[in-house]
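Work through the exercises below with the sequence and the model at hand. Each task is followed by its solution.

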Amino acid sequence: MDSSEPDRKHDLAKQMAALARTTAAPRTVSEILTEVTNAAVELISGADVAGVLLVKKGGEFESVADTDGIVAKLDALQHDFGEGPCAEAALHETVVRSDDLRTEPRWPRYAPAAEELGIRSSLSFKLYTADRTAGALNLFSTRSHAWDVDAETIGAILAAHAAAAILAGRHSEQMQSALASRDRIGQAKGIIMERYAIDEMRAFEMLRVLSQENQTKLVDIAQRVIDTRGDSA
């Protein structure tokens, strides 16, 4: 065994612990994903650049936390060609590995284009982010056959951190949205109660009926009431 192996594993453990703390800390999703991709380049010897690809409903691509502008170019190629490792990992496979893009048969248009940009191999990991958005952590190397077992192991751990950050961020957004919706409905009920001299239950029932009749979300009906509060009854 290489004498430096224990030190390397110790450094890796410290880095993973630090990432776990950043995921739990009150930081933005973008900041955490940037930490993850920087760690990927630092900890995985074959990784020259890294990034995260998010695939939204409707097929729109979003490149985030890339360590080099080339990652966004690679993502754009996959979007335009409708093929490639990052999208495949985000939408289908758990891990997508290519050891030499010059001889890669799976992506006949993407692989030569990526090779022209100097990329020889890639390694992508699915991010389990929920149904609205698919994602992948993507590593790229300028060398062929750059990946070993450690690369796959560390990459999978980093992908888990990235997915946790995205899910945590989404939960926070949903909570904030729910609170805002509740506040708007409460405000609308208060306006209706004052305008028509009715109690809270009847005010809410009026909102509910309007929502059903207009086939519009309750919170949107509430917003209309708020926006027209100065109008005559």
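This is a predicted model: local features need pLDDT of at least 70, side-chain atom pairs count only at pLDDT 80 or more; totals for chains, interfaces and linings use all residues.

Residues are numbered from 1 along each chain as its sequence is written, and side-chain values use heavy atoms, with hydrogens and water left out.

**Exercise 1.** Find which members of the largest nonpolar core touch the most other members.

Solution. A nonpolar core is a set of buried Ala, Val, Leu, Ile, Met, Phe, Trp, Tyr and Cys residues joined through side-chain atoms within 4.5 Å. Buried means under 20% relative accessible area, with a 1.4 Å probe and protein chains only. The largest core has 26 residues, and those touching the most others are Ile 44, Leu 127, Leu 137, Leu 139, Trp 147 and Leu 158. Helix H6 (149-196) is among the elements giving two or more residues; H6 gives the most, seven. A separate second core has 21 residues, including Ile 70 and Leu 77.

**Exercise 2.** Describe how E1 pairs with strand E2.

Solution. Helices (H or I, at least four residues) and strands (E, at least two) are DSSP runs, numbered from the N terminus. Strands pair if DSSP finds at least two bridges between them. E1 and E2 (residues 61-64) are antiparallel over four bridges, and Val 52 has Val 64 as its bridge partner. Seven of the eight E1 residues are buried, so E1 is largely enclosed by the rest of the structure.

**Exercise 3.** Decide whether Glu 104 is buried or exposed.

Solution. Glu 104 lies in the loop between strand E3 (95-98) and helix H5 (110-116). Its relative accessibility is 13%, so Glu 104 counts as buried.

Key: Buried means under 20% relative accessible area, exposed over 50%, partly exposed in between (1.4 Å probe, protein chains only).
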